[in-house]
Amino acid sequence: MNELSPQKLTAKDYATDQEVRWCPGCGDYAILKSVQKTLADLEADPANTVFVSGIGCSSRFPYYMATYGFHTIHGRAPAFATGIKLANPGLDVWMVTGDGDGLSIGGNHLLHVLRRNVDIQILLFNNEIYGLTKGQYSPTSRPGTRSPSSPGGSIERNLNPCNFALAAGACFVARTVDTDQKHMPEILKRAHGHRGASFVEIFQNCIVFNDAVFADFTDKKNAPERQLRAEHGHKLVFGPNNEKGLRLDRDNVAIEIVTIGENGITEDDILVHDETDALLAQMLVTLDGPDAPVVVGVIYCNPADTYDGGVASQVESAKSAKPNADMKELLFAGSTWTVD
C-alpha cells in the first residue's frame, strides 16, 4: 500500500475566514501576508503555533491567523506570551504589538520580556501614531507631530524602538518595512530561528492618520539613497551603486557617512557588519542626520540563555532532588484550616 505524503501548507492555509478589518491600504495587510508566507515556508504546524497580542490595530492579528491566538489586554501581551511559553515550552509563540501598546502602557512589560530573553518572536508595528483611537501621537511620534492630542505639535522627544530593545538587553534586534515582501520574510525567518526573544521593528504605514511618514526612506525611488541593508559579514554600503558607506571615526567613536572614491576613501575603509557587536548595533540604530541612511536587517544577534530554559532546568532539578514530593502534602504543611 502506497503511503500518501503530507500535503505542504500554503500561505492561504494560515488565513482564517474572518473579514479583515483594517483601513483600505493599511500596512498591516502586507505584514499579515508576509507572516502567513513565512509560516508556510517554515512548514509551521498551526496546532503548535500561538499568536498573542495586546490592544490596537495591529493587535487584531490573531483573528486572522489559522493558529491558536489570544487577543489580550492593553500592553500586557508580554505577560501572556511568557506564561504560554512557560506552560508549554514546545509551542511556537509570536507576539504582536504596536508602538502605543508596546512602548506606552506596555513599555514596562516589553522591557522585562526582552531582558528575560523569553523564547518568543516579538513583532512591533511602528506607525508613529495611535490609529485605533483616531490618531493621537504615540511614544514614537516625532517632535512637532500635530494630532488630536497634540494640536500645537508634540513637544516630546520620540522613542527609538530598537535602541529601547538593545538597552533592555535584547539578544536579537532587527528592522524591516511593511511593503518589502522579499526582505520581511527573510527577517522573520531569522527571528524564528533565534533561540530567545527576537525583537523585530516593522515600519508600518498608517494611511489615514500618519500617511507616508516613512516615505523618505521606504519609497522605491528613495530607498537606494536612504536605506541601508545590514548583512553580517558584508560591508555597510548604500546608494544606487553602493558608492556610499559607513566608516568608523575612531577619535570620536562615532560613525561617519563617506563616499567611496572621494577624499581618498576606499572600500577598505568601510565598516563590515558584525551582528554580534552591541556597540556597533547601538550606533546603527541611532544614526541620524540628513545624509544618514536608515539601517534595516538583522542589526544585532548574540544568543544567550533563555528565561524559559532556566525555569525548566530549575523545575527538573527540584523534581530530581525530591522525586517523591507530594503537592497536596506541601499545600497542607504548616498552619492550614478547612472552611466547612
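Biologist: Why is R190 called partly exposed?

Modeller: Its relative accessibility is 35%; buried means under 20% relative accessible area and exposed over 50%, with partly exposed in between (1.4 Å probe, protein chains only). R190 therefore counts as partly exposed. This is a predicted model, in which local features need pLDDT of at least 70 and side-chain atom pairs count only at pLDDT 80 or more, while totals for chains, interfaces and linings use all residues. Residues are numbered from 1 along each chain as its sequence is written, and side-chain values use heavy atoms, without hydrogens and water.

Biologist: What makes the contact of R190 and E275 a salt bridge?

Modeller: The term requires a side-chain nitrogen of Lys or Arg within 4 Å of a carboxyl oxygen of Asp or Glu. The N to O distance for R190 and E275 is 3.0 Å, so the pair qualifies. R190 belongs to helix α6 (residues 183–193) and E275 to the loop between β10 (254–259) and α9 (278–285), so the bridge ties together parts 85 residues apart in sequence. Helices (H or I, at least four residues) and strands (E, at least two) are DSSP runs, numbered from the N terminus.

Biologist: Is E275 buried or exposed?

Modeller: E275 has 10% relative accessibility and therefore counts as buried.

Biologist: How do you know that R195 and D308 form a salt bridge?

Modeller: Their side chains meet at 3.7 Å, N to O, so the pair passes the cut-off. R195 sits in the loop between α6 and β6 (198–203) and D308 in helix α10 (residues 307–321), so parts 113 residues apart in sequence are tied together. R195 is partly exposed at 45% relative accessibility, whereas D308 is buried at 6%.

Biologist: What makes the space of about 610 Å³ a pocket?

Modeller: On a 1 Å grid over the protein atoms alone, a pocket is an open set of points with protein on both sides within 12 Å along at least five of seven lines, and lining residues have an atom within 4 Å of a point. The largest pocket holds about 610 Å³, a volume being the space filled by probe spheres set on points joined across faces, edges and corners. Of its 25 lining residues, the closest to the centre are N158, N160, L287, D288 and V294. Elements giving two or more residues to this lining are β6, α7, α9 and β11 (294–301).

Definitions and conventions. 1 Å grid on protein atoms, 1.4 Å probe; cavity = no way out; pocket = protein on both sides within 12 Å on 5 of 7 lines; lining within 4 Å.
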